[in-house]
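This report concerns the arrangement of a protein chain, its domains and its nonpolar cores. Please look at the sequence and the structure shown here before reading on.

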Amino acid sequence: MPGQRPIYPFSALVGQERLKRALLLNAVNPRVGGVLIRGEKGTAKSTAVRGLAHLLPPIDVVAGDPYNSSPSTPALMSDEVRARFDAGEELSVVTRPTPLIELPVAASEDRVVGSLDLEHALTEGQRRFEPGLLAQANRGLLYVDEVNLLDDHIVDLLLDAAAMGVNTVEREGISISHPARFILVGTMNPEEGELRPQLLDRFGLVVEIAGITDVTGRVAVIERRMVY
C-alpha cells in the first residue's frame with residue numbers, strides 16, 4: 001500500500017525454524033495459546049512477528065466499530081453490534097488488514113484495558129468508554145516486546161484476556177465487556193531478567209532461540225538484507 005512501511009518478508013528469514021514454526025502454529029490455530037520467544041538481541045524476534053502479521057489474510061469488520069467486530073459471528077461482536085445484529089439491522093462492512101498491535105513496556109493499565117473518556121465526559125457531561133489496546137488487538141496479534149520488563153499486573157491482564165477471549169472493565173460507574181481474541185506473542189532477552197514461572201506457564205508455547213553462528217548462515221543473512 002502507498003505510504004506503508006515495507007515489511008521484511010517472513011519467508012526471507014534465515015534459519016530460526018523453531019521460531020517460525022511456533023508463530024505459524026498460532027496463526028493456523030490461535031487456541032494454541034500464544035508464544036513466548038526467548039533469545040538474545042539480533043535473533044529476528046521482532047522481524048518474524050511483523051512478517052507473520054503481513055502474511056495473515058485481511059478480515060471483515062463492522063464499519064465504525066472500535067472492537068473489530070465480525071459482521072457474521074456473534075461471539076466476535078461487541079454488545080452494541082450484537083444488539084444491532086439481533087435486531088436484523090444490515091451492518092456496513094469494511095475489509096482491513098489483520099491488526100498487529102504493539103504494546104509498549106511503559107503502557108499503563110488504562111491504556112491496555114481501556115478507560116473513561118475524560119474529554120467526552122467534560123465536554124458532553126456523559127460517561128463513555130475509551131477502548132484500549134486489547135480492543136484494537138481483537139481478531140489480530142498483540143505483540144509485547146521485552147515482556148519480562150512489564151509490570152506483573154499488566155502481564156496478568158494480558159494473559160487473562162488471552163485465555164478468556166473477553167476483556168471486562170469496570171471504571172467510575174462503567175462496566176463493559178468486549179471480545180478480545182488475539183494471538184499473544186511475547187519476546188524477551190533472558191539477560192535482562194526472567195519472567196515469573198506462573199506467568200511463563202500460561203503461554204501456550206515457549207521457544208528458545210539463538211543467533212546464527214555458522215559462516216554460511218551469516219552470509220545469507222547479510223545477502224538477503226542487502227537485497228531487501
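A salt bridge is a side-chain nitrogen of Lys or Arg within 4 Å of a carboxyl oxygen of Asp or Glu. The structure is a predicted model, in which local features need pLDDT of at least 70 and side-chain atom pairs count only at pLDDT 80 or more, while totals for chains, interfaces and linings use all residues. Residues are numbered from 1 along each chain as its sequence is written, and side-chain values use heavy atoms, with hydrogens and water left out.

**Two domains**

The chain is divided into domain 1 (10-58 + 97-227) and domain 2 (60-96); these bounds come from an automatic or database domain assignment. Between the two domains the count of salt bridges is zero. Other values for this pair are listed below.

| Property of domain 1 and domain 2 | Value |
|---|---|
| Separation of centres, over C-alpha atoms | 24 Å |
| Area buried between them | about 1,100 Å² |
| Share of that area from carbon and sulfur atoms | 53% |

Buried area is the accessible area (1.4 Å probe) that two parts lose on being put together, summed over both. Contact means heavy atoms within 4.5 Å, and 15 residues of domain 1 are in contact with 14 residues of domain 2.

**The larger picture of the cores**

A nonpolar core is a set of buried Ala, Val, Leu, Ile, Met, Phe, Trp, Tyr and Cys residues joined through side-chain atoms within 4.5 Å. Buried means under 20% relative accessible area, exposed over 50%, and partly exposed in between (1.4 Å probe, protein chains only). The largest core has 32 residues, of which Leu103, Val112, Leu134, Leu142, Leu150, Leu158 and Phe182 touch the most other members. Among the elements that each supply at least two residues of this core are strand S4 (100-103) and helix H7 (152-164); H7 gives the largest share, five residues. Helices (H or I, at least four residues) and strands (E, at least two) are DSSP runs, numbered from the N terminus.

Apart from this core lies another, of 20 residues, including Ala12, Leu13, Ala22 and Ile209. Leu103 is in contact with residues including Val112, Leu142, Leu150 and Leu158, its neighbours within four places in sequence being left aside.

Val35 lies in strand S1 (residues 35-38). Is Val35 buried or exposed? Val35 counts as buried because its relative accessibility is 0%. Residues up to four places away in sequence not being counted, Val35 touches Ala22, Leu184 and Phe203, among others.
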